Amino acid sequence: MGDVLEALSCALRGFPVLIVLTVITYTYYAFIYEFLLNLGIIPLQVFLGLFFHVLLGLWGAAYYKTCTTRLPPIPSEFHLTESELDQLYSGDSAPIERLRSLPIKSLTSRGAIRICTTCNLVRPDRAHHCGLCKRCVLKMDHHCPWVGTCVGFHNYKYFVLFLLYCFALSLFVAVCVAPSVIHGWAEHRIDQSIHMNILILFAVCFGLSTGALFFFHLQLCNSNKTTHESFGKTVFINPSHTRWRRAGAWESVFGDRLRLWLLPVMSWRGDGVRFEVDETIPLADVVVDDSNEEDRLLAGPAAE
């Protein structure tokens, strides 16, 4: 019975992915065979066809990488033995010394060590447990049913590019097809292909939804937050730590080589376990300068 339920669960998780593939297949058919081949202007057909296939190829590569990229397991140093778990729950401080050596800077909202009792491990900073994937994921952003897996540190760039190219492809199709569809509506043409109406509907719906998500994730990238973190406040062990470091936030997702930012290839920075933080300026570092007959606080350059 358990195997049957597991198989059913896998099938249900794959259903949204099947919907996406069906929509993109239909979009290809309707745009190429119902719209492009009926334009009658060969240079325009070639130009639009090439541009469409470039966007489609980039979208397909980003989507494939998002869905299939292996999310590495939590490093073994974070795993707890049964005896360590028992000691922690009994109030014994013996395991704490080993935990001090872990690269951890954040706690739960109640100020406790972030322990996953399902995976029997200490969660690295920004890692979370996914009930659907039944595992902890490094720098987990969210579980996305449309890609059939979690979006985390090792496929977040691909996910953002998937949103970008889906938005761009939808916008391109809408701009190309809209004049023909609107003209057909104005002329009350009953012979206008139903495919054009469905195509413009798909383009508008997917363009609005993926566009909104894309710009939301751009904001997250800029502030160095995940979707999880955008709905709550991170509690740090050190009170002087205020947030995950914003300097270099874009490079942590897209990498140091600008030419690779828009390509669905691995180029990000970091390991998904260790993260830098911004700190408040200690009071001892504040200097009073009254050379201009007024007190000014010179804190020096802010820590990046």
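This is a predicted model: local features need pLDDT of at least 70, side-chain atom pairs count only at pLDDT 80 or more; totals for chains, interfaces and linings use all residues.
Residue numbers start from 1 along each chain as its sequence is written, and side-chain values use heavy atoms, without hydrogens and water.

The largest pocket has a volume of about 410 Å³. Of its 24 lining residues, Phe162, Cys166, Phe206, Ser209 and Thr210 are the closest to its centre. A pocket here is an open set of points on a 1 Å grid over the protein atoms alone, with protein on both sides within 12 Å along at least five of seven lines; lining residues have an atom within 4 Å of a point. Grid points are joined across faces, edges and corners, and the volume is the space filled by probe spheres set on the points. Four elements each supply at least two residues of the pocket lining: helix 1 (2-35), strand 6 (142-144), helix 5 (156-186) and helix 6 (194-223). Helices (H or I, at least four residues) and strands (E, at least two) are DSSP runs, numbered from the N terminus. By class, the pocket lining has 19 nonpolar, five polar and no charged residues. In this division Ala, Val, Leu, Ile, Met, Phe, Trp, Tyr, Cys and Pro count as nonpolar, Asp, Glu, Lys and Arg as charged, and the others, Gly among them, as polar.

Two of the elements that line the pocket, helix 5 and helix 6, also pack against each other, at an angle of about 145 degrees and with their axes 7 Å apart. The axes are lines fitted to C-alpha atoms over the stretch in contact, and angles run from 0 to 180 degrees between N-to-C directions. The residues of this contact comprise 23 nonpolar, six polar and no charged. Helix 5 passes helix 6 in a left-handed crossing, meaning that the near helix is turned anticlockwise from the far one by less than a right angle.

Rolling a probe the size of a water molecule over the atoms shows where empty space is left. A cavity is a set of grid points where a 1.4 Å probe fits but cannot get out, and the structure holds two of 30 Å³ or more. The largest cavity has a volume of about 70 Å³. Among the residues that line the largest cavity are Lys139, Asp141, Tyr156, Asn224 and Lys225. Helix 6 and helix 8 (249-254) each give at least two residues to the lining of the largest cavity, and helix 8 has the largest share, three residues. That lining divides into five nonpolar, three polar and three charged residues.

The second largest cavity holds about 40 Å³ of space. Its lining consists of Lys139, Phe153, Tyr156, Lys157, Ser252, Val253 and Trp268. Helix 5 and helix 8 are the elements that give two or more residues to it. By class, the lining of the second largest cavity has four nonpolar, one polar and two charged residues.

Asn224, from the lining of the largest cavity, is found in the loop between helix 6 and helix 7 (227-230). At 10% relative accessibility, Asn224 counts as buried; buried means under 20% relative accessible area, exposed over 50% and partly exposed in between, with a 1.4 Å probe and protein chains only. Phi of Asn224 is near 55 degrees, a positive value in a residue other than glycine. Lys134 has a positive phi as well, of about 60 degrees, and is not a glycine either. Lys134 lies in the loop between strand 4 and strand 5 (135-137) and is exposed, at 56% relative accessibility. Its C-alpha atom is 8.6 Å from that of Cys119, 15 residues away in sequence.

Strand 4 (residues 128-130) contains Cys130, which is buried with a relative accessible area of 4%. The C-alpha atoms of Cys130 and Thr149 are separated by 9.6 Å, and the two residues are 19 apart along the chain.
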